[in-house]
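Here is a short note for a colleague who is reading a structure for the first time. Please keep the sequence and the model open while going through the points.

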Amino acid sequence: MRTFAEITPQLENLAVEVPSWAYGNSGTRFKVFSTPGTPRTVQEKIDDAAQVHLHTGLAPSVALHIPWDSVDDYAALCRYAEDRGLRLGTVNSNTFQDDTYKFGSLTAADPSVRQKAIDHHLACVDIMNETGSRDLKIWLADGSNYPGQNDLRQRQETLAESLATIYAALGDEQRLVLEYKFFEPAFYATDVPDWGTSYVHVSELGDRAKVCLDTGHHAPGTNIEFIVAQLLRLGKLGAFDFNSRFYADDDLIVGAADPFQLYRIMVEVIRGGGLAPDSDLAFMLDQCHNIEDKIPGQIRSVLNVQEMTARALLLDREALTKAQAANDVLAANDILMDAFYTDVRPELASWRQTKGLPADPMSTFLESGYLQQIASDRVGGQQAGWGA
Ligand code: LRH
Ligand code: MN
Ligand code: MN
């Protein structure tokens, strides 16, 4: 296995973007529980995101969701974030909370609905120009509940046309990332259900269009690291939405449900060059905390990503390649498992200290009094956006 000292230069390259919506209240279909100190404004969400970065050194940017995070002055919002040591990152377009889009947005049969959805994306590009954001992330709730409800084929044509119009509005340094999800809210057919469909569309668009892989968006049992390997091979993996799940799109803390899967994903990321200094792969969290405190939830998630990345970096790739070439099935598996079973927490803790960070970011944050402070300062916090 490699030593910890050997992997720190690569570990240094890891940055994980946090989502603004992680700090708001969210819930299940049955109940939204509120948490004391929930942010009331996007500025307060940024304040909370800054805490994650301050204590972990891992989360230098925050993703916005439009219109959940709409403001009048994005340049001012940008300065607000910068003053707190953060950048504004990916802009997520949201066409899933408006009555107009009941029967679809970018795929809608009604041209006026489609135009409204396209215009919303063009407005998102304007925002990106002000915030300096590189990525426009599109996830569509478009789909149907019953066979026969929609013309499946026509909707793919319509989608391709809508995406082409949006892509044409992007600047040379900007990208479009198209996120897929196999079901929900549509229960029969989703218009972008899988990586293949996303890949087909982004390939047609051009070099600056890529796939976004949300780890919670697959059928149970799907081999996600295979998708990672394939998309990196094709140069088309643009971004991750990290979260974990036991059943469907649970949006739980990253690595909570299946740390081994997270490890396997990071092994393929590293194998495919996704952590190299010249990589443009974006690592983001996409989580909604229902019952736990939001900031500690995010801290736990980014630390879990760091931990599994460290273990994946420890993997003795040379030995693995040799065992694979010799068809030594058990040795190859052993080599992979050796790195996975290595507890990197003590070494990560001392490494953090050499960088001026707390050895234990979670306890340092909890002892800082920030949670108590926001609980008394903020009254009437906001929902993340779901059902808002
Ligand atoms: C859809 C999704 C998508 C949205 C987010 C709030 O399930 O993963 O990324 O933007 O949730
Ligand atoms: Mn997502
Ligand atoms: Mn999701």
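This is a predicted model: local features need pLDDT of at least 70, side-chain atom pairs count only at pLDDT 80 or more; totals for chains, interfaces and linings use all residues.

1. Residues are numbered from 1 along each chain as its sequence is written, and chains are lettered from A and ligands numbered from 1 in the order in which they are written.

2. Helices (H or I, at least four residues) and strands (E, at least two) are DSSP runs, numbered from the N terminus. Helix 9 covers residues 294–314, and its 21 residues should span 30 Å at 1.5 Å a residue, which agrees with the 31 Å between its end C-alpha atoms; the expected span is 1.5 Å times one less than the number of residues. Of these 21 residues, 18 are buried, so that helix 9 is mostly covered (buried means 20 or more other C-beta atoms within 10 Å of a residue's own, exposed means 12 or fewer, and partly exposed lies in between, with C-beta atoms placed from the backbone).

3. Helix 7 (residues 224–233) packs with helix 8 (residues 259–271) at an angle of about 10°, their axes being 9 Å apart, where axes are lines fitted to C-alpha atoms over the stretch in contact and angles run from 0 to 180 degrees between N-to-C directions. That angle makes the two helices roughly parallel, a label for angles under 35 degrees, with over 145 called roughly antiparallel, 65 to 115 roughly perpendicular and the rest oblique.

4. Which residues of helix 7 meet helix 8? They are Ile224, Glu225, Val228 and Ala229, and their partners in helix 8 include Ile265, Val267 and Glu268 (contact means C-beta atoms, placed from the backbone, within 7 Å).

5. The peptide bond from Ile66 to Pro67 is cis, with omega near 20°, and Pro67 is found in the loop between strand 2 (61–66) and helix 3 (74–83). Another cis peptide bond joins Glu184 and Pro185, with omega about 10°, and Pro185 has its place in the loop between strand 6 (175–179) and strand 7 (189–190).

6. Asp251 is not a glycine, although its phi is positive, at about 55°; this residue counts as buried because it has 22 C-beta neighbours inside 10 Å. Asn327, also not a glycine, has a positive phi of about 55°, but Asn327 counts as exposed because it has 8 C-beta neighbours inside 10 Å.

Conventions: Two residues are in contact if their C-beta atoms, placed from the backbone, lie within 7 Å.
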